[in-house]
Amino acid sequence: PPPPEPVRPPSPPPPDPNLRPWFGVSLKWLDDLDTGKKDAVGVVHEVVPDSPAAQAGIQVDDQMEYWEDFRLDSKKAWESKVKFIQIGDEVDIGIHRNHKDIRKRVLITGTLKARSGSRIIRSEGAIHTDN
C-alpha cells in the first residue's frame, strides 16, 4: 500500500480586516534637562487596560528608552517604530523606572480599527533623565 499522506497543520486563519495592531500607551514627551534637548524623553502618560503594553507590565511614568536596540529619544523615533508593528510581533522594550533599567517583552495584538490609537502629548514639562 502507498505510504500515508503526511499530516499537515491547518492553515492559520486569515487576518481579521476589522483589527489593527496596537501597543496601548499614550506618551508625553518631556524636555531633557540634562542635555537641553526638547521633547527627548518619552514618558508613559496612560496605559490602556488589557493592551499589549499593560499585559507586558508597562506602567504610567515609565520612561520609554529603547525599541529593541533602537534609542527612543524623540516622538519621531517612537513613531518610526510603532507605525510598522504587526499583529503577532514581539517587541523588546527598554524602560527606565525608579532608577532602574528594565526590559519588557510586548506581544502586539489587534484591536478594532475604530478604537483610538496612541496619543502623544508634547512639551508638557521637563525631566532629569535619571529618575
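Among contacts in the protein between residues at least 6 apart in sequence, what share joins residues at least 24 apart? The figure is 62%, with a contact meaning heavy atoms within 4.5 Å.

Before going on, some ground rules. This is a predicted model, where local features need pLDDT of at least 70 and side-chain atom pairs count only at pLDDT 80 or more, while totals for chains, interfaces and linings use all residues. Residues are numbered from 1 along each chain as its sequence is written, and side-chain values use heavy atoms, leaving out hydrogens and water.

Now the layout. You'll find 2 helices and 9 strands, taken as DSSP runs numbered from the N terminus (helices are H or I with at least four residues, strands E with at least two). Starting at the N terminus, the order is β-β-β-α-β-β-α-β-β-β-β. Of the 131 residues, 37% are buried, i.e. under 20% relative accessible area with a 1.4 Å probe and protein chains only.

On to the inside. Take Ile 58: leaving aside residues up to four places away in sequence, its contacts include Phe 23, Val 25, Met 64 and Ile 93.

The whole structure holds 3 aromatic pairs, where rings of Phe, Tyr and Trp (its six-membered ring) pair if their centres lie within 6.5 Å, with planes under 30 degrees apart counted as stacked, over 60 as edge-to-face and the rest as tilted. Phe 23 and Trp 78 have ring centres 5.3 Å apart and planes at 90°, so they are edge-to-face. Phe 23 sits in the loop between strand S1 (19-22) and strand S2 (25-32) and Trp 78 in helix H2 (residues 75-82), so this pair ties together parts 55 residues apart in sequence. Trp 67 and Trp 78 also make an edge-to-face pair, because their centres are 5.6 Å apart and their planes at 75°. Trp 67 is buried at 7% relative accessible area, and Trp 78 at 1%.

Note on methods. Buried means under 20% relative accessible area, exposed over 50%, partly exposed in between (1.4 Å probe, protein chains only).
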